[in-house]
Amino acid sequence: MTTASTPQNGTATLGRRPIALAAWGATEAILRHSQAALACIDVTQPQWWALNNIVRAEHGLTREEIHAVAVPYGMGTQVILHAVDALVHRGWLGIGADRRLTLTDRGHEGLATAKEHMDRVRAELLGDITEEDYATALSVLERITDNLAHAGVAKAGAEAGQNRSSTAATSTVAS
């Protein structure tokens with residue numbers, strides 16, 4: 001006899017698995033794999049982010065602009081500045097008279113090598129996952145994030161409304 005608690009194909013319990021647990025596990029696995037691939041060429045993930053952000057900017061970036069870049073995974077903005085310093089020391093970044101950081105020839109070569117490694121990581125990450133499934137997974141995670149952001153705004157608004165109502169009621173009673 002099959003019940004909801006004893007699924008035949010394992011999908012019935014999928015909806016009960018905490019999405020945060022699945023997302024966190026995926027994040028950790030992706031980061032470990034990415035960081036290991038970059039470590040093979042003596043590049044850190046913050047250096048990878050710095051190189052990519054700087055190369056995307058038409059005229060490079062200043063340290064202040066780099067500092068303003070959102071650093072993922074809660075690593076903090078100082079991490080990317082240390083990465084920039086290491087890349088300058090390595091000769092992958094140059095600093096112009098206008099204090100803008102740009103990739104040197106060595107930096108472009110290093111970034112190309114890192115991209116090759118990260119392309120391999122992406123292929124390994126996707127495996128047999130179709131682009132459609134990948135897009136769906138991203139869409140679902142983004143919708144969850146949006147739902148929670150809206151719920152937080154709605155809750156904050158409701159709480160603010162309750163506080164205003166309480167304050168108004170208190171002042172009415174006090175009068």
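The largest pocket has a volume of about 1300 Å³. Before going on: this is a predicted model, where local features need pLDDT of at least 70, side-chain atom pairs count only at pLDDT 80 or more, and totals for chains, interfaces and linings use all residues. Residues are numbered from 1 along each chain as its sequence is written, and side-chain values use heavy atoms, with hydrogens and water left out.

A pocket here is an open set of points on a 1 Å grid over the protein atoms alone, where a 1.4 Å probe fits, with protein on both sides within 12 Å along at least five of seven lines; lining residues have an atom within 4 Å of a point. Grid points are joined across faces, edges and corners, and the volume is the space filled by probe spheres set on them.

Which residues lie nearest the centre of the largest pocket? They are Ala26, Ile30, Leu125, Tyr134 and Leu138, out of 36 lining residues. H1, H2, H5 and helix H6 (131-174) each give two or more residues to that lining, and H1 gives the most, with 10. Helices (H or I, at least four residues) and strands (E, at least two) are DSSP runs, numbered from the N terminus.

Now the core. A nonpolar core is a set of buried Ala, Val, Leu, Ile, Met, Phe, Trp, Tyr and Cys residues joined through side-chain atoms within 4.5 Å. Buried means under 20% relative accessible area, exposed over 50%, and partly exposed in between, with a 1.4 Å probe and protein chains only. The largest core has 26 residues, and Trp48, Leu51, Ile54, Ile66, Ile80 and Leu93 touch the most other members. H2 gives the most to this core, with five residues. Contact means heavy atoms within 4.5 Å. Leaving aside neighbours within four places in sequence, Ile66 is in contact with Ile54, Leu61, Ile80, Leu81, Val84 and Leu101.

Next, His117, which sits in helix H5. Is His117 buried or exposed? Buried, with a relative accessible area of 18%. Not counting residues up to four places away in sequence, His117 touches Ala37, Cys40 and Ile41.

Asp42, in the loop between helix H1 (19-39) and helix H2 (45-56), has a phi near 60°, a positive value in a residue other than glycine. Arg99, in the loop between strand E1 (93-95) and strand E2 (101-103), also has a positive phi, near 70°. Asp42 is exposed at 54% relative accessible area, and Arg99 counts as exposed at 55%.
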